[in-house]
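Here are my notes for you on this one, in numbered points. Have a look at the picture first, then read along.

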Amino acid sequence: MTQLTKGANAPVNASQPVVRVRFAPSGPVAEIDVSAFLLQGSGKVSGDTDMVFYGQPEGPGGAVRLTSQNAPAAGGVKETTFSVSLGAMPAGVEKVAVTATIHGAGRGVSFSQVASLEVAVLDGGSTVVTYPVETAGMVETALILGELYLRNGQWKFRAVGQGFAGGLKPLAESFGVSVDDEPEPAPPPQPAPSARPPSVPRVGAASTGNSGAAPAAAPSINLSKVTLTKERKSIDLTKKASGGYGEVRINLNWNRNQAPPSGGGGFFGFGKPKGVDLDLGCLFELADGRKGAVQALGDSFGYFDGPPYVQLSADDRTGQSADGEWLRINGRHWDEIRRVLVYAFIYEGAPNWAATDGVVTVYAPDQPPVEVRLDETSNMGMCAVTLVENVGGQMRVSREIKYFQNHKPMDEAYGWGMRWTRGSK
Amino acid sequence: MGVSLSKGGNVSLSKEAPGLTNVIVGLGWDPRATDGAEFDLDASIFLVKDDGKVRSDQDFIFYNNKIGGDGSVEHTGDNRSGEGEGDDEQVKVDLSKLPAEVKKLVFCVTIHEGESRKQSFGQVSNAFIRVMNAAGGAEIARYDLSEDASVETAMIFGEVYRHGDEWKFKAVGQGFAGGLGPLAKHHGVNVG
């Protein structure tokens with residue numbers, strides 16, 4: 001393993017390296033957004049698909065894929081990984097810059113507040129190159145951590161550790177991605193949900209001088225991510241131009257490897273500490289009044305192409321899958337759906353919600369991802385996380401975070417009106 | 001476009017440009033694209049004898065001593081930030097007037113306050129050295145050394161040296177620990 005200092009470089013001989021970014025969350029910096037830019041010899045992107053980030057997790061040809069993001073890892077750090085296939089790199093791409101920005105950096109917040117930040121290149125699980133970034137004294141809020149680059153037919157990795165105090169905008173612009181600021185929306189006058197989606201920075205590739213290429217409406221990458229909180233409870237998603245919502249994917253992800261609590265079990269076991277298994281499910285109600293639940297318990301996986309137009313991907317009890325569990329809503333039939341209540345429940349083990357660090361994210365086509373964090377604690381095993389409801393044809397996503405003993409009281413609290421008996425999977 | 005050298009490579013200037021008497025050696029690099037202290041790079045030249053030492057301190061040419069070699073070598077000035085096209089610093093050399101005792105011109109670049117600013121050559125993009133024929137300005141040889149640079153704050157970019165009756169240029173690309181002071185001492189300069 002080669003440990004690099006700022007400015008140094010090392011060869012990368014792996015054909016399918018993984019680039020991993022780890023950081024230690026702190027009070028002011030709970031999350032960082034990690035992106036990869038595929039750059040031409042000019043140091044610029046060729047188009048807006050050359051930016052790989054949470055809003056566009058796969059680059060052209062699948063050469064660079066975002067495979068995990070801010071996933072909890074050992075030692076209390078969070079990690080983001082990219083799988084890179086150097087052989088599949090589009091022609092003309094000579095460099096892949098890996099960057100980090102502080103999500104929603106407030107006044108006075110910069111990378112100097114991140115105690116530990118490291119970028120590494122791995123090959124088949126073993127670390128080839130690592131670069132611990134010296135963050136002390138940094139005023140930057142957007143950093144180029146490192147770059148994979150092609151030199152005389154050889155891919156190499158350089159420790160960069162330089163960036164911008166002005167955040168994502170100057171960073172993206174340095175790579176030829178233009179960012180148009182839009183003013184932040186005024187806060188809604190009432191606690192009622194706002195009637196329109198927030199404006200977000202729109203990002204498109206700046207004209208890179210493609211001869212004859214139409215300077216079509218470039219903006220298409222949406223950099224924004226919406227986090228619903230107690231203060232900002234809901235968002236209405238905009239329909240696609242074609243009408244409808246397309247495939248809306250809902251993800252539940254959580255920390256499976258949290259350290260065993262002190263005084264608890266785990267010291268006598270071998271191997272990895274047993275993590276908590278969360279299950280994702282939902283209650284649905286269709287426009288015609290049909291109701292039901294979609295969840296692994298009871299093998300009610302739902303159906304995507306027909307009613308209830310909601311489907312759960314296979315249960316991942318082992319936690320092997322890095323990206324958690326997925327529900328899909330068929331947004332083309334949104335007018336046939338009245339509401340969907342997304343919940344997480346702990347089927348086995350103590351309901352230690354805080355340790356799971358769970359997050360539900362709603363991905364709708366052409367929309368910023370909407371995040372709801374399971375950031376409250378309860379000794380009850382069921383949590384209503386997100387309500388997705390049809391409000392005059394619009395899709396409204398709301399944060400719930402309400403805990404219940406089981407399905408029945410949750411059903412009653414939301415007036416679903418179903419009969420519940422115990423089941424097992 | 002001249003001969004492009006890689007690290008360690010050399011070329012005969014006299015053969016590439018017959019009748020060559022005056023050369024301009026250009027050094028360049030990109031300005032910093034990111035936020036933070038600019039990269040302030042300084043070129044210095046040591047005119048050394050067979051033993052690798054200067055004849056006198058006058059043959060150490062840098063920002064505080066722009067002319068040496070009895071007037072045959074002139075450093076035309078410092079560009080602090082690397083902005084603008086082409087060379088950031090240029091050195092004019094009249095080969096025909098170089099004192100016979102001088103066998104080699106060593107071209108070095110150091111990063112001003114590199115260590116305190118935690119800057120190194122690995123952070124500087126597109127650093128190069130090139131040799132041009134002063135008559136007509138044609139480029140004879142060039143060495144792009146960005147890739148050979150890493151954590152160094154002082155580097156020997158290249159050398160122009162006598163080889164029999166010829167003048168040759170060698171792409172060196174070697175770091176030198178400690179910066180300008182130790183580099184000057186190494187070449188026999190009395191540094192206070």
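1. A:Glu247 sits opposite A:Asn330 of β23(A). The two strands here are β18 (residues 247-253) and β23 (residues 325-330) of chain A, which run antiparallel and are joined by six bridges. Strands are DSSP runs of E, at least two residues long, numbered from the N terminus, and two of them pair if DSSP finds at least two bridges between them.

2. Before going on: this is a predicted model, where local features need pLDDT of at least 70, side-chain atom pairs count only at pLDDT 80 or more, and totals for chains, interfaces and linings use all residues. Residues are numbered from 1 along each chain as its sequence is written, while chains are lettered from A and ligands numbered from 1 in the order in which they are written.

3. Now zoom out to the open sheet in chain A: seven strands, ordered β16-β26-β25-β18-β23-β22-β21, with mixed pairing. At its edges stand β16 (226-228) and β21 (302-303) of chain A, each with a single partner strand, so one side of each has no neighbour in the sheet.

4. How far to trust chain A? Its mean pLDDT (the predictor's confidence in each residue, from 0 to 100) is 80, and 79% of its residues reach 70 or more. Go carefully with residues 182-220 of chain A, where pLDDT is below 50, and with residues 259-273 of chain A, where pLDDT stays under 50 as well.

5. Last, the chains meet: 12 residues of chain B are in contact (C-beta atoms, placed from the backbone, within 7 Å) with 14 residues of chain A.

Key. Two residues are in contact if their C-beta atoms, placed from the backbone, lie within 7 Å. Helices (H or I, at least four residues) and strands (E, at least two) are DSSP runs, numbered from the N terminus.
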